[in-house]
Amino acid sequence: MKHIRPPRPELEYLVPYDAKDIKAEVMLAANEHPSNLPGEIVEKIAGRLREFRFNRYPDPMAGRLRELIAAANGLEPHNVLIGNGGDELIFDLLLAWGGPGRTLLDCPPTFTMYAIDAQVSGTNLVRIPRGPDFEVDGEAVLARLAEGDIDVVMLSHPNNPTGTLTPETLLIDILNATDALVLVDEAYFEFSRHTMRPHMERHPNLVILRTFSKAFSLAGLRVGYVLGHEDVIRELTKVRQPYSVDSFAQWVAATVFRERVVFQQAIRDIMRGRDMLMHGLSSIEGVKVFPSEANFVLFRVAHAAALWRDLLHGHSVLVRDFSRTTGLEDCLRVTVGSDEENERFLEAVEDVMSQRRAVEILGHTEAHVRHGTAGELGY
Ligand code: PMP
């Protein structure tokens with residue numbers, strides 16, 4: 001055969017998620033932790049590496065890690081499911097609660113995987129745009145839920161990429177208004193310190209997502225988890241890949257979780273770094289900063305795509321360009337890095353912006369001179 005039979009027609013207009021594997025000296029584009037795992041944890045793992053059974057399949061349900069997470073959250077292991085990063089669990093939720101003839105509601109601009117996974121799983125997508133300060137439009141969401149056809153709601157809390165928290169009262173109103181599964185995505189919980197966990201008992205349709213990728217320096221190993229009613233977890237186990245979380249990732253994540261107090265200082269440092277970035281950016285002329293409860297800061301600036309390029313090519317600083325996303329025109333997102341990285345980023349932005357101003361002034365002067373000359377010559 002010379003031809004390949006086409007795939008599902010839904011894929012025709014789907015663009016693969018572009019994680020942009022661009023290298024730079026200062027990497028502030030993916031909301032990762034600025035530091036590798038603490039040395040003491042790496043040593044603990046290294047010391048026992050020889051005994052590690054690479055030849056055996058993993059525990060499909062990641063029992064040890066599951067128990068630890070359940071206990072820390074005052075839940076039973078049957079309320080927890082571990083996944084290959086939060087990403088896999090979002091997909092599993094749509095495999096189980098979405099699919100053809102079913103509908104997901106999200107509030108853009110938000111985490112793009114919700115919409116991508118909706119398309120891949122054949123789920124209809126209803127989008128209720130956020131307001132001018134990226135707040136969830138509660139009235140519109142509740143009105144849409146009242147129509148009764150929404151099967152899943154996904155809300156990033158705080159919202160990536162805007163950093164916005166949704167008021168707890170609105171989240172409760174949403175939970176009361178629907179029997180749809182409501183995913184409150186707390187990927188940045190360790191920075192926002194706000195969780196909907198206390199509402200799980202009263203709202204069996206509430207599912208919480210967390211990850212080891214941000215506050216726990218483990219983006220490279222892919223470990224996330226959901227907390228939910230045991231009936232929800234049972235359905236998710238029907239659609240998940242049984243061995244998606246490998247045994248090495250389970251082991252390292254369990255070690256990290258047991259030692260999690262070690263991460264507290266770094267989390268505080270990141271929050272301090274976030275305040276420094278917000279303060280530094282807002283003092284640069286022409287930059288508007290949005291408040292953030294996560295480990296990143298969104299800001300708006302004229303010709304953002306050009307700034308993104310200049311930061312990368314002129315200063316080897318990589319941030320995330322959202323300027324082509326609806327609702328985020330002229331917006332860039334910077335992840336909080338180490339103090340040195342944050343300073344380098346701020347200096348780079350200041351440098352590019354002051355060069356811009358110089359060019360503008362030069363442009364004005366030239367125009368003025370040209371105009372003046374023309375006037376003198378009587379043209
Ligand atoms: N939810 C949100 C809101 C995120 O920003 C991310 C990471 N970009 C995830 C979920 C998934 O994280 P991971 O797959 O690394 O656990």
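Axes here are lines fitted to C-alpha atoms, for helices over the stretch in contact, and angles run from 0 to 180 degrees between N-to-C directions. Helices (H or I, at least four residues) and strands (E, at least two) are DSSP runs, numbered from the N terminus. The model is predicted, so to speak of local features takes a pLDDT of at least 70, and side-chain atom pairs count only at pLDDT 80 or more, while totals for chains, interfaces and linings use all residues. Residues are numbered from 1 along each chain as its sequence is written, and side-chain values use heavy atoms, with hydrogens and water left out.

Take helices H5 (residues 138–146) and H6 (residues 168–177): they pack at an angle of about 10 degrees, with axes 10 Å apart. That makes the pair roughly parallel (angles under 35 degrees count as such). Gly-138, Val-141, Leu-142 and Leu-145 of H5 meet Leu-170, Asp-173, Ile-174 and Ala-177 of H6, where contact means heavy atoms within 4.5 Å.

Helix H4 (residues 113–120) is largely enclosed by the rest of the structure, because six of its eight residues are buried (under 20% relative accessible area, 1.4 Å probe, protein chains only). Among these are Met-113, Tyr-114 and Asp-117.

S10 (residues 296–301) and S13 (residues 331–335) pair over five bridges.

Technical notes. Buried means under 20% relative accessible area, exposed over 50%, partly exposed in between (1.4 Å probe, protein chains only). Angles under 35 degrees count as roughly parallel, over 145 as roughly antiparallel, 65 to 115 as roughly perpendicular and the rest as oblique. Two strands pair if DSSP finds at least two bridges between them.
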